[in-house]
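Dear colleague,

Please read the notes with the coordinates open beside you.

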Amino acid sequence: MRYCPSPYLYQRRSTREVVVGDPANGGVVIGGNHPMVKQSMLTCDTMDTAACVQQTLELVEVGCQIVRITAPTVKDAANLKNIVAELRQRGCNVPIVADIHFKPEAAMEAAKWVEKVRINPGNYADKKKFAIREYTDDQYAEELCRIEEQFTPLVKLCKELGRALRIGTNHGSLSDRIMNRYGDTPLGMVESALEFARIARKNDFHNFVFSMKSSNPKVMIECYRLLVARLDELGPDWNYPVHLGVTEAGEGEDGRIKSAIGIGSLLCYGIVETIRVSLTEDSPREIEVCNDLLAQIPVLTNHDLSILRFNNPVWPFDPFSFQRRQTPEIELSKSAQCGGEQTIRVVVTRAAWDKLAPKIRPKDDVKPEAIYEDLNVLEADPTQEFDVNCDTQLVTVKDGINLAPIAAFRLLASKLRHMGRRNPILLKDCLKFEAIPLEPKIALLRASVVIGSLLADGIGDAILVRGESGAGQSLRLAYNILQAAGCRSFKTDYVACPSCGRTLFNLQTVTARIKSRTQHLKGVKIAIMGCIVNGPGEMADADFGYVGGAPGKINLYVGKTAVKFNIPEAEAVDRLVDLIRDHGKWVEPEELELAGQQA
């Protein structure tokens, strides 16, 4: 199976068209030869018609083409009628999507009023109990019949009314049935979506898209690759579009880096139908990041096969199962080794080192680990023949070659494999330099797409960021990319959902409050979830969770297990700190500062 024709070239995936609303009157067409469609989601209460209308108008003003609104109850779903009516009266015809979890009856109500309905296969007809059960084939078939009975009425209604559907699987909310059959895996996510797609197809309904969202970019990338490959394997009429997104990406640089890694790596290889960048920020800012990210793809991709000049390059990685490329361990500098089982190392240029050196303390977590000009590194052009004398030679791609960086480093790994070599590879975020330095926000996105994509492939033993001109900023960006890609942990890691109408507290305010208390806890992962929809599942690999349980009440988790219930919001951050302390993961900030000063 393959998810794209070539890992070295941009070739847009061929899909059928999915119509959302009336394209002649503000609607959009997803897929086919149509441009990428940008989406976002409201953060206000669905029962607040005026607020929903105002937020929608603000999103449309900045270029949002589809707006999603949560409908947690039938009452909320019914109010979509008023929201849509007010928008149309104001001349706004943007398609509206109802976001449904747990309530098939809410989906049925919402389909009467909106152009598209998003359902989650993990909870549309199932309750999440984390139950362990072995299903026989007959029992599993019975469960599928039950799901078909629940889902078919919505499919028929959407077909009758000309609505679109999104079959949106979330890594954090796979059903117990799927978990017991396939585990918490990309395969489980794909099969969960395909079960619902088969029901739609059985009713000759094809106006739907898929999504495979996760807060972990590496998992998200594997899921979409596997989905696209499976659709291709099922046949040419399974060419449904996909909606790309990294869920619970968070805020600020971290949210942008995670989104760029997950979404950008797929955009660069032709999966370009519709996207949402999910940030714990005001929704219009998501569209700005969408625009900036989409603008980088032509710069980061190759379109001409002839420039490769390397006959029959082998695939340099398994696209469906992450495995770090095997290399020998070598000395990178006097204080650091790379390759083998070593962590991914951070390299800087001599110019950056000269600026950074006076500020570095021995115990600092963020510091250069080698200087590029001092390395024993072979700079190779992978489109040409080159020699490597031994496996312990560090190798990188030569600057200035006519090849985009992701393809260049994939081709380098492929050629080394073809030569029978296992040399460690130094990744660079760029191979050419702009006449005018990049804006920091653009440098961040480009470096994240390039280096993050390659790390998700399992390629790379050290990294060098040069597109960001500031020495300190480039160093920090390198470490942030490694953390977002799951390769290194040098600070607290946060999984924070974007707000929506289900959210039971102010996510931006609470996230800032939690960060102010915990951002010094290196290696601790904290999930901040506005409601229970994706909470336990997305927190499966988090150490601690802060989840809205009811208005003004917070539940605290250790992993995916709730341990404290209905804590008043005013006390909840303090109780979270107590929980971290009780589990032996708390360090006082002043202790860390003192250790740094004494070093």
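Which residues in helix 4 meet which residues in helix 6? Before the answer, please keep in mind that this is a predicted model.

From helix 4 come Tyr140, Leu144, Ile147, Glu148, Phe151, Thr152 and Val155, and they meet Glu195, Phe196, Ile199, Ala200 and Lys202 in helix 6. By class, this contact of helix 4 with helix 6 consists of eight nonpolar residues, one polar residue and three charged ones. As for the geometry, helix 4 spans residues 137–161 and helix 6 spans residues 186–202, and the two pack at an angle of about 55 degrees with their axes 9 Å apart. An angle from 65 to 115 degrees would count as roughly perpendicular and one under 35 degrees as roughly parallel, and helix 4 and helix 6 are therefore oblique to each other. Their crossing is right-handed.

A second pair is formed by helix 7 (residues 217–234) and helix 8, which pack at an angle of about 20 degrees, with their axes 9 Å apart. Helix 7 and helix 8 are therefore roughly parallel to each other, and the crossing of these two helices is right-handed. On the side of helix 7 the contact is made by Pro217, Met220, Ile221, Tyr224 and Arg225, while helix 8 brings Lys258, Ile261, Gly262, Ile263, Ser265 and Leu266. Sorted by class, the contact of helix 7 with helix 8 has seven nonpolar, two polar and two charged residues.

Helix 12 takes part in the contact through Ala443, Leu444, Ala447, Ser448, Ile451, Gly452 and Leu455, and helix 13 through Leu477, Ile481 and Leu482. The residues of this contact of helix 12 with helix 13 are eight nonpolar and two polar, with no charged residue among them.

Helix 8 (252–267), strand 19 (493–496) and helix 14 (507–518) are the elements that give two or more residues to the lining of the second largest cavity, and strand 19 gives the most, with three residues. What classes of residue make up the lining of the second largest cavity? The lining divides into three nonpolar, four polar and six charged residues.

The second largest pocket, in turn, holds about 450 Å³ of space. Its lining is made up of 24 residues, and those that lie nearest the centre of the second largest pocket are Val299, Cys430, Leu431, Lys432 and Glu434. By class, the lining of the second largest pocket has 13 nonpolar, five polar and six charged residues.

With best regards

Conventions:
Residues numbered from 1 in each chain as written. Predicted model: local features only at pLDDT ≥ 70, side-chain atom pairs only at ≥ 80, totals over all residues. Heavy atoms only, no water. Contact = heavy atoms within 4.5 Å. Helix = DSSP H or I, 4+ residues; strand = E, 2+ residues; numbered from the N terminus. Nonpolar A, V, L, I, M, F, W, Y, C, P; charged D, E, K, R; others polar. 1 Å grid on protein atoms, 1.4 Å probe; cavity = no way out; pocket = protein on both sides within 12 Å on 5 of 7 lines; lining within 4 Å. Points joined across faces, edges and corners; volume = space filled by probe spheres on them. Axes fitted to C-alpha atoms, helices over the stretch in contact; angles between N-to-C directions. Parallel < 35°, antiparallel > 145°, perpendicular 65-115°, else oblique. Left-handed = near helix turned anticlockwise from the far one by under 90°.
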